[in-house]
Amino acid sequence: MTTLPSATEKKLGLVIDLDTCVGCHACVISCKGWNTENYGAPLSDQDAYGADPSGTFLNRVHSFEVQPPEGHAQLVHFPKSCLHCEDAPCVTVCPTGASYKRVEDGIVLVNEDNCIGCGLCAWSCPYGARELDLAEGVMKKCTLCVDRIYNENLPEVDRVPSCVRTCPAGARHFGDLGDPDSDVSKLVAEREGMDLMPEMGTKPVNKYLPPRPKDQIEDQIDILAPLLAPVTEGPGGFMGWLDKALDKLPGQSSGGTA
Amino acid sequence: MHPAPSVIVFTTLSGLGFGLLAYLGLGYPPVTGWVAFVFYLIGFGLAVGGLLASTFHLGRPERAWRALTQWKTSWLSREGLCAVAALLVMGLYAIGAIFLDQHWTLLGLLGAVLSIATVFTTSMIYTQLKTIPRWNMPLTPVLFLSFSLAGGALLAGQERLAPWLLLVAGAVQLAYWAKGDQAFASSGTSMATATGLGDRGAVRAFEPPHTGSNYLLREFVHVVGRKHALKLRVFAFGLGFVLPVLCLWLPTESSLAKHLMAAVAVLAHLAGVVVSRWLFFAQAEHVVGLYYGKR
Ligand code: SF4
Ligand code: SF4
Ligand code: SF4
């Protein structure tokens, strides 16, 4: 049913640390690996080895450059997947009831047997978190690895989303953001976690931890450096003579005006 | 947005078709017998043809009936229901008019209301999307309804009414373009809010997630066709509204010339609306483009 639950028992989601993420794309690969062989239709690729490869991904890592008014630019790697919004527009627009938000944990899922592949849910998502699979004709999205987190066949350490389990930098955290005492909620409080596009009114569950400010790089960092400064700008001595002599030879000059 | 031919054909034809059916339901013109048959054939042909075209962009068209179930929240579902109801009611009304020489006034009225409601629900599918500021405006349903009423009047041969409704629709079109051009900027969404990094400096897309394209870029980021937008607007406005009004207002002697002019008016209007719809999609910018440094 596409009516959103007024409240969910838990708000399971991710906290992504933009300060720690190194942009290695390991989470992208492990997400694709797990989800292509588990929940629902596989994540197909088109022309994978050809000139124009593309495919379905549930998690993509962008990189942005931030140039402050003063000082050095900063590079921020930016993983993006479904934010399991509380006010998920993708659920209410769905004409078939294929999209739904679970009451027990707030996960937003697609029942692929009912999906007609109209694409309207993807149109309504501000974050580009839904992709229509070209081979299957149904909508794919992050399931928060619903088939891992409750899976008692897996060792306990693996009962987290595949991306979280994989991240070598520890930039991804999983937990109940509805519980103020959970580790993830404390992390968000401590680091002032933020919403993406809050003006869209989607109330995302996933939070992003902003990058910490960079240390200032002083202009002069080495006290010995002044002693090593070049004494003269132009080449002198033997090298200077050689440079001039070579310039006089017919043919291409070694530098400067030709 | 990617201007998919199926969606352009669908909104254009079904808008005109349901517009015509609405007039027929109200008894303008009060046709019966063979003449009614021709009118209803055109009305149903356009409406049903449009609806069929819309199923071509589905990934799983064989399950389309499921789209009728979620009317409580989904405008797309409401549109499906309204369309089916309008076609059924107008079908019954048409049987009365064609075969029994009867005009069941109340049934026709209901059919007209349902036909207009179908056009309104279609427009709301687009209007509801906050992610596409150019569509997320009260003018969007006004645009769809005014087009449908003007085109319907033209097809129904309402020579007196049609030019005025065309002028109104043309004015709405101009207002929609003027307001739409401001929509993205005034929505307040930018790369700064999309990344949450705006308060630390100017944000620039440095590297996309993949070197190749993807579903999101193909579906939502259509920059190519926009460079001719102004020329196309002139075409859309001239063909869709100016030329039909001239055709209808030009004094004609014979009834043949008159019919010919009406036919030209209808075809020009149809072509103009198609161009306008193409622009409606091609110029619509989805906020997800911001993550790719594009609009
Ligand atoms: S991120 Fe997009 S797909 Fe996920 S719940 Fe929010 S609106 Fe829906
Ligand atoms: S693509 Fe599938 S899940 Fe999305 S709105 Fe259409 S039917 Fe619902
Ligand atoms: S695996 Fe971790 S560090 Fe690597 S891109 Fe993903 S979130 Fe960033």
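The structure holds zero disulfides over all chains, a disulfide being a pair of cysteine sulfur atoms within 2.5 Å. This is a predicted model, in which local features need pLDDT of at least 70, side-chain atom pairs count only at pLDDT 80 or more, and totals for chains, interfaces and linings use all residues. Residues are numbered from 1 along each chain as its sequence is written, and side-chain values use heavy atoms, with hydrogens and water left out.

Student: Is C121(A) buried or exposed?
Tutor: Buried means under 20% relative accessible area, exposed over 50%, and partly exposed in between, with a 1.4 Å probe and protein chains only. Because its relative accessibility is 7%, C121(A) counts as buried.

Student: Which strands stand at the edges of the open sheet of three strands?
Tutor: Strands here are DSSP runs (E, at least two residues) numbered from the N terminus, and two of them pair if DSSP finds at least two bridges between them. The order is β5(A)-β4(A)-β1(B), with antiparallel pairing. A strand with a single partner has one side left without a neighbour in the sheet, so the edges are β5 (74-80) of chain A and β1 (202-207) of chain B.

Student: What is the bridge partner of E65(A) in β1(B)?
Tutor: Strand β4 (residues 60-67) of chain A is joined to β1(B) by five bridges, and the two run antiparallel. For E65(A), the partner in β1(B) is R204(B).

Student: How many residues of the shell around ligand 2 are charged?
Tutor: The residues surrounding ligand 2 include C94(A), C115(A), C118(A) and C121(A), each with a heavy atom within 4 Å of the ligand. Counting Asp, Glu, Lys and Arg as charged, Ala, Val, Leu, Ile, Met, Phe, Trp, Tyr, Cys and Pro as nonpolar, and the others, Gly among them, as polar, the shell divides into eight nonpolar, four polar and no charged.

Conventions: Chains lettered and ligands numbered in written order. Helix = DSSP H or I, 4+ residues; strand = E, 2+ residues; numbered from the N terminus.
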